[in-house]
Amino acid sequence: MSNRVYLCCTDFSTPPAEGDWHAFGERSGTEYEAAYCIPLYWLCLFGAEDIRLARTQAEDDEEARDYAYLVCARQAGLARLQARAAALQGPLGPERHALYLEWMARIGQESFSHVLVRTEELDAMDEEGQFQQELRTALMDLDVACNTVIVTGELVISPALANLASFPNPPELQHYDAFVLAGAANSSERWPTPFAPVLQQRAAEHPSSPWWKFW
């Protein structure tokens, strides 16, 4: 299994059923994709109350099971992004916070009623119900972190949140590339643009001395 996760703004409030994919495509905006995780900027759209359950279809070698997914009203998700923007500014740093604002603008420009994250493949990696609990814990931890960072000055990334967002080194948010934070658009437009490597940035700021200089 490829273990992909997909986000889009859509007029659907549930994942599309087998015969709904054509209608789903016509009533949805830009699709974003991530692998093995739900990116932080996606999570910032949601609260724990936005977790829903859907039923998989039985396969020859697998029984049907419930899986957790995320859905919220687009305007509610946009409001949550806006509310969390100031809290994330310091921990993200200027470049990554600018990407956050860009993500917020992209969601704001969509015309569809809901934001839907399809997580069937991610849920299938665990026993039934386990991913739902991990998702709930991570979203509750994110809410606490955003509420306390303004007071403490530190964004505390819990183990559950770090695992879901695929952060191997949670305190170093300013070192993560754009696709880790925001996923990638499945469109002819390449978005987001990767950040310049840190070493290249430092080299540009401090050019090396010519070969004939010995000091």
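This is a predicted model: local features need pLDDT of at least 70, side-chain atom pairs count only at pLDDT 80 or more; totals for chains, interfaces and linings use all residues.
**Chatting through the cysteines, pockets and arginines**

Student: How far is the sulfur of Cys72 from the closest cysteine sulfur?

Tutor: It's 8.4 Å, and the partner is in Cys9, so that's too far for a bond. A disulfide needs two cysteine sulfur atoms within 2.5 Å.

Student: Okay. Is Cys72 buried or exposed?

Tutor: Buried, because its relative accessible area is 5%. The cut-offs are under 20% for buried, over 50% for exposed and partly exposed in between, using a 1.4 Å probe and protein chains only. Cys37 is buried too, at 8%.

Student: New topic. How much space lies in the largest pocket?

Tutor: About 650 Å³. On a 1 Å grid over the protein atoms alone, a pocket is an open set of points where a 1.4 Å probe fits, with protein on both sides within 12 Å along at least five of seven lines; lining residues have an atom within 4 Å of a point. Points are joined across faces, edges and corners, and the volume is the space filled by probe spheres set on them.

Student: Which residues lie nearest its centre?

Tutor: Of the 23 lining residues, those are Trp21, Thr56, Gln57, Tyr67 and Glu120. Strand S1 (4-10), strand S3 (51-55) and helix H4 (120-123) each give two or more residues to that lining, and H4 gives the most, with three. Helices (H or I, at least four residues) and strands (E, at least two) are DSSP runs numbered from the N terminus.

Student: How does the lining of the largest pocket divide into nonpolar, polar and charged?

Tutor: Nine nonpolar, three polar and eleven charged. Here Ala, Val, Leu, Ile, Met, Phe, Trp, Tyr, Cys and Pro count as nonpolar, Asp, Glu, Lys and Arg as charged, and the others, Gly among them, as polar. The second largest pocket has nine nonpolar, two polar and two charged residues in its lining.

Student: What gives the most to the lining of that second largest pocket?

Tutor: H6 does, with four residues.

Student: Let's switch to Arg96. Where is it found?

Tutor: Arg96 is in helix H3 (residues 74-109), and it counts as buried at 9% relative accessibility. A polar atom of its side chain lies 3.1 Å from the backbone oxygen of Gln174.

Student: And what does the side chain of Arg65 reach?

Tutor: The backbone oxygen of Asp126, at 3.1 Å. Arg65 sits in the loop between S3 and strand S4 (66-73), and it's buried at 18%.

Student: Which residues join through a cis peptide bond?

Tutor: Trp191 and Pro192, with omega about -5 degrees. Pro192 lies in the loop between strand S6 (184-185) and helix H8 (198-205).

Student: Last one: what is phi of Tyr36 near?

Tutor: Near 65 degrees, a positive value in a residue other than glycine. Tyr36 is in the loop between strand S2 (28-35) and helix H2 (40-43), and it's exposed, at 52%. Ser166 also isn't a glycine, and its phi is positive at about 60 degrees; at 35% relative accessibility, Ser166 is partly exposed.

Note on methods:
Residues are numbered from 1 along each chain as its sequence is written. Side-chain values use heavy atoms; hydrogens and water are left out. A polar contact is a pair of N or O atoms within 3.5 Å; within protein, one must be able to donate a hydrogen and the other to accept it, and residues adjacent in sequence count only if both atoms are side-chain atoms.
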